[in-house]
Amino acid sequence: MQTKSGWAPARGVQVLGAERVGGRWLISVVGRQEAGSCPACGERSTLRHGWYIQHLQDLPVQGAVMTVKLRMSRWRCRNAECERLTFAEPLPDIAAPHAHRTRRTAELVELFGHGVGGRPGERLMKRLGMPASDDTILRQLKRQVAARSAKTAIRVAGIDDWSWRKGCGYGTIVVNLERREVVDVLPNRSAAGTANWLSKHPEVEIVSRDRCGLYAQGAREGASHARQVADRFHLLQNLRETIETQLTRADRSTGRALLPTSDGEDESGAAIACSPRGQREVAEHRHLARQAQRLSRQTIFDRIRALHDARVTACDIARKTGFGRRSITKWLRLIAPCGATRRRAKAMLAGRLPGLSVASLGGRLRPWPRSVPRDQTPRLHRQFLPPGAAPGEVARRQRQCAASGAQIAKDRRAVLAAMTEPWSNGQTEGQITKLKLVKRQMYGRAKLDLLQARLIGAA
Ligand SMILES: [Zn+2]
């Protein structure tokens, strides 16, 4: 046996030697303290009662497993009134009481647990010379998470829902938006559950949530002092969809043509005529390609309709044509093939709203809700109404617009906060993507405690 003083796992201990035993390294270490303080009464004692030996798994050496054989003193308490007769020398730097591995190894076990979970973690750790069972990894993970979540303080909370299975059963995720980490995962999605969680965290000052009324109500009940911020992304998405619907010539939900279809072709023809000579051929090619695409879409649409008229089911049509069943069902609801209306609407939107930004949209948005209760046509609506739309269609679209405006007006303070506050639920959405990944890695077998352990405090 040869002394290697540089191998000490922490200060306060002396390495006696290192030896190779059956493919493993065994480091013998002894405590150097000459006295200890009783944890019960605090009395200092130099009266050694004996020794105790503890085996701890440590970081591997040359890829081989390393075990630290630790010989520590056991002291006798001198205080006659103390309930403890003897006490062990504590080693806060090396390992937790009754631990089987050193602190630095336990940290790695936790990191592997967070990163890859139980069984993959077990395989990786064995290969790296730190064998630990999947149960050990998960137990360590859950223990650390319980200790961490008890002392977490949160000022800005992002709240959103996630699904156990698509469309059935939802849970709630709470993210600390300042530290960009998951704080809690709740098993359900309800106003009461959210209010209950927030009431246990009175330090929350700002709640960023989606436009679902449940979380708004939960925040009002559980943290009435907190400022609510509507999610900017969903706000803009709803607004964009409303504007797009106003701009499209065929309503996406019904496929009703609002303007003659030849109008687009005329525009393309005019564009070709106006193009410079060099670009003329390119423009003509694009026009022909678009025409061919439209024709092919029409052919497919006609075929699907013919099969449907011949009482072929959507599943059989999907099998015959090679399209997805959902696409077939969607197409069967239309009376004309849905085309590039969305793209065209976007192009029109870009043309009419140059330099559209959140700030400028905020400016446009503010007068909008106020104008709705007076039943006036909102400025945005009047601006974007497609020319030549039928009078009934105008009224329908006005109602749509008014409904969107009323919804925004109802949530006005949170919507305005979304325009002025830097907080948004983008980070929460990102954490939900991670939650989904972790959930799928576990093949649907994980319960809530494990999901919490894998996500809470993960770096
Ligand atoms: Zn004592």
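Student: Let's start with a cysteine. Is Cys82 buried or exposed?
Tutor: Cys82 is buried, with a relative accessible area of 12%. Keep in mind that this is a predicted model.

Student: And Cys315, where does that fall: buried, partly exposed or exposed?
Tutor: Cys315 counts as partly exposed, at 38% relative accessibility.

Student: How many disulfides turn up in the whole structure?
Tutor: Zero, in a search of the whole structure.

Student: OK, on to the core. Which residues have the most contacts inside the largest nonpolar core?
Tutor: Trp162, Ile173, Val185 and Leu455. That core has 34 residues.

Student: Where does this core lie?
Tutor: Domain 2 (105–150) and domain 3 (156–231 + 424–455) both give residues to it, so the core lies between them.

Student: What does Trp162 touch?
Tutor: Leave out residues up to four places away in sequence. Then Trp162 touches Gly169, Tyr170, Gly171, Thr172, Ile173, Val185, Leu186, Ile432, Leu435 and Leu451.

Student: What about the second core?
Tutor: It is separate and has 19 residues. Val29, Met66, Val68 and Leu91 are among them.

Student: Why would nonpolar side chains be buried together?
Tutor: In soluble globular proteins, they tend to be.

Student: Switching to charges. How many salt bridges are there?
Tutor: Ten, searching the whole structure. One of them joins the side chains of Asp134 and Arg119, at 3.5 Å from N to O.

Student: Where do those two sit?
Tutor: Asp134 is in helix 3 (residues 134–150) and Arg119 is in helix 2 (residues 118–127). They are 15 residues apart, and the pair links distant parts of the chain.

Student: Buried or exposed, for Asp134 and then Arg119?
Tutor: Asp134 counts as buried at 17% relative accessibility. Arg119 counts as exposed at 52%.

Student: Next, what does Arg189 pair with?
Tutor: The side chain of Arg189 meets that of Asp161 in a salt bridge, 2.6 Å from N to O. Arg189 lies in the loop between strand 10 and helix 4 (191–199), and Asp161 in strand 8 (residues 156–165), so the pair ties together parts that are 28 residues apart in sequence.

Student: How accessible are Arg189 and Asp161?
Tutor: Arg189 is partly exposed, with 31% relative accessibility. Asp161 is buried, with 18%.

Student: What else is around Asp161?
Tutor: Setting aside neighbours within four places in sequence, Asp161 is in contact with Tyr170, Gly171, Thr172, Arg189, Asp210, Tyr215 and Ile432.

Student: And which residue does Arg227 bridge to?
Tutor: Glu421. Their side chains meet at 2.8 Å, N to O. Arg227 is in strand 12 (residues 227–230). Glu421 is in the loop between helix 16 (412–420) and helix 17 (426–441). The two are 194 residues apart, so this pair also links distant parts of the chain.

Student: Buried or exposed, for those ends?
Tutor: Arg227 counts as partly exposed, at 43% relative accessibility. Glu421 is buried, at 16%.

Student: Now backbone angles. What is the phi of Arg180?
Tutor: Near 55 degrees, a positive value in a residue other than glycine. Arg180 lies in the loop between strand 9 (168–176) and strand 10 (181–186). It is exposed, with a relative accessible area of 54%.

Student: And Arg311, what is its phi?
Tutor: Phi of Arg311 is near 60 degrees, again a positive value in a residue other than glycine. Its place is the loop between helix 8 (277–309) and helix 9 (314–321). Arg311 is exposed, at 78% relative accessible area.

Student: Last one: where is Thr86?
Tutor: In strand 7 (residues 86–88). A polar contact of 3.3 Å joins its side chain to that of Arg74.

Student: What else does Thr86 touch?
Tutor: Not counting residues up to four places away in sequence, the contacts of Thr86 are His49, Arg74, Trp75, Arg76 and Cys77.

Key:
Residues are numbered from 1 along each chain as its sequence is written. This is a predicted model: local features need pLDDT of at least 70, side-chain atom pairs count only at pLDDT 80 or more; totals for chains, interfaces and linings use all residues. Side-chain values use heavy atoms; hydrogens and water are left out. A nonpolar core is a set of buried Ala, Val, Leu, Ile, Met, Phe, Trp, Tyr and Cys residues joined through side-chain atoms within 4.5 Å. Buried means under 20% relative accessible area, exposed over 50%, partly exposed in between (1.4 Å probe, protein chains only). Domain bounds come from an automatic or database domain assignment. Contact means heavy atoms within 4.5 Å. Helices (H or I, at least four residues) and strands (E, at least two) are DSSP runs, numbered from the N terminus. A polar contact is a pair of N or O atoms within 3.5 Å; within protein, one must be able to donate a hydrogen and the other to accept it, and residues adjacent in sequence count only if both atoms are side-chain atoms. A disulfide is a pair of cysteine sulfur atoms within 2.5 Å. A salt bridge is a side-chain nitrogen of Lys or Arg within 4 Å of a carboxyl oxygen of Asp or Glu.
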